[in-house]
Amino acid sequence: MTRIASISVDLDSLPHYCRIHGLPESLLDARARSLVHQVAVPRFRELWDALGVPGTFFAIGEDLESDPVAAAGMRAAHEAGIEVASHSHAHDYALTRRGPDAILADLRRADDAILQATGTRPVGFRAPGYTLNADLYAATQALGYQYGSSAFPAAPYYAAKAAVMGALALVGRPSRSVLDTPRVLLAPRAPYRPDPANPYRRGTGSVLELPMAVTPALRFPFIGTFATTLPLRSLRGAWRACRRDPFFNFELHGVDVLDATDGIPGELVRQQRDLRVGAARKLERLREVFGWLRSECDVVTLRDAAGRLSASV
């Protein structure tokens, strides 16, 4: 069986990073608020085009409603064969706590915004902050998604997130992020059909779950933040550890190709350490990692990966 890989990018705009770090959104001017769509999206597209690999963008519905540049960018991406999937409407980190009706309304509004921008409804979903529960999974089933890609069973990431949130609370600058249930750490690493009552456990749910890449044993996360900042030797080790996996789900964010010179306020750069790494250096690293995937895997969109994997899971 040919090994499959997918590359996806969450298009979280800079206001969401202010919310994570407990910073006022007033730090951001209009240009900074639109950097992900105006600058990061074209950079990813140029990189994918140069390497001849496809990708998936996870778009936030309210961005497409309020920003004509964002909507036009997703329309152009869709027309070029890039998948545009849903990252919810408001990217509310506490979405799982809002109750089933509000959750369904948020996802439905995101679908409508993506349909308006691209002409096609999304078939995939990724939860804000990677946080999934029974109510949110039920909404993805009700809307008929083909797949979800929210499970992130990465123990080092979970521990670091808990530590940062605790430190921010102590200094009176609480994060608006939400710490997931520890059950996520036991979620399967490979694609699976979730139990609708506990989506981090195998079951018979209709929406296939495509977890993001973590290494065996230590479950170290192989995501954009680490791919652009870790020493190359360490990154190669993590890649080799995952070589037996039939599916490799490489998840990134728009900020993974941005840096301080793009016009990001210094206070946010100080909190978001990867923004101190130059965009040119990040792009060169990603070019190399994408090359690893292309040389050893069939690189496809998450939509196509779900189509291939659904019959065997």
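Tyr130 is buried, with a relative accessible area of 8%, where buried stands for under 20% relative accessible area, exposed for over 50% and partly exposed for the range in between (1.4 Å probe, protein chains only). Tyr157 is partly exposed at 24% relative accessibility. The model is a predicted one, in which local features need pLDDT of at least 70 and side-chain atom pairs count only at pLDDT 80 or more, while totals for chains, interfaces and linings use all residues. Residues are numbered from 1 along each chain as its sequence is written, and side-chain values use heavy atoms, with hydrogens and water left out.

The structure holds 14 aromatic pairs. Rings of Phe, Tyr and Trp (its six-membered ring) are paired if their centres lie within 6.5 Å, and planes under 30 degrees apart count as stacked, over 60 as edge-to-face and the rest as tilted. The pair of Tyr130 and Tyr157 is edge-to-face, because the ring centres are 5.8 Å apart and the planes stand at 70°. Tyr130 lies in the loop between β4 (124–125) and α7 (134–142), and Tyr157 in helix α8 (residues 155–170), so this pair ties together parts that are 27 residues apart in sequence. Helices (H or I, at least four residues) and strands (E, at least two) are DSSP runs, numbered from the N terminus.

The pair of Phe250 and Phe290 is likewise described by its ring geometry: the centres are 5.9 Å apart and the planes lie at 75°, so the pair is edge-to-face. Phe250 belongs to strand β9 (residues 247–253) and Phe290 to helix α12 (residues 279–296), so the parts tied together are 40 residues apart in sequence. Both Phe250 and Phe290 are buried. These two residues also belong to one aromatic cluster, formed by Phe222, Trp239, Phe248, Phe250, Phe290 and Trp292.

Within α7, the residues Leu136, Tyr137, Ala139 and Thr140 are buried. They cover an arc of only 155° around the axis, which puts them on the same side of α7; the arc is that of the directions from the helix axis to the C-beta atoms. The cover over the buried residues of α7 includes α6 (100–118), β4, β6 (194–195) and β7 (198–202). At the start of the helix, a side-chain oxygen of Asn133 comes to within 3.3 Å of the backbone nitrogen of Asp135. Just after α7, Gly144 has a positive phi of about 75°.

The loop between β3 (83–86) and α6 contains Ser88, and both His89 and His91 are found in that loop. Most residues other than glycine have a negative phi. Ser88 has a positive phi of about 80° although it is not a glycine, and His91 has a positive phi of about 50°, again without being a glycine. Ser88 counts as buried at 0% relative accessibility, His89 is buried with a relative accessible area of 6%, and His91 is buried with a relative accessible area of 2%. With residues up to four places away in sequence not counted, His89 touches Ile60, Gly61, Glu62, Glu65, Asp106, Arg109 and Ala110, contact being defined as heavy atoms within 4.5 Å. Arg108 lies in helix α6 and is partly exposed, at 41% relative accessibility. The C-alpha atoms of Arg108 and Pro153 are 27 Å apart in space, the two residues being 45 apart in sequence.

For the protein chain as a whole, the secondary structure comes to 13 helices and 10 strands. The radius of gyration is 18 Å, close to the 20 Å that the globule rule gives for 313 residues, so the protein chain is as compact as a globular protein of that length. This radius is taken over C-alpha atoms, and the globule rule is 2.2 Å times the number of residues to the power 0.38. The C-alpha trace spans about 50 × 45 × 40 Å along its principal axes. Buried residues make up 55% of the 313 residues. Among contacts between residues at least 6 apart in sequence, 74% join residues at least 24 apart. The accessible surface of the protein chain comes to about 12,600 Å², of which 53% belongs to carbon and sulfur atoms; accessible areas come from the Shrake-Rupley method with a 1.4 Å probe, and for residues only the protein chains shown count as cover.

Key. A polar contact is a pair of N or O atoms within 3.5 Å; within protein, one must be able to donate a hydrogen and the other to accept it, and residues adjacent in sequence count only if both atoms are side-chain atoms.
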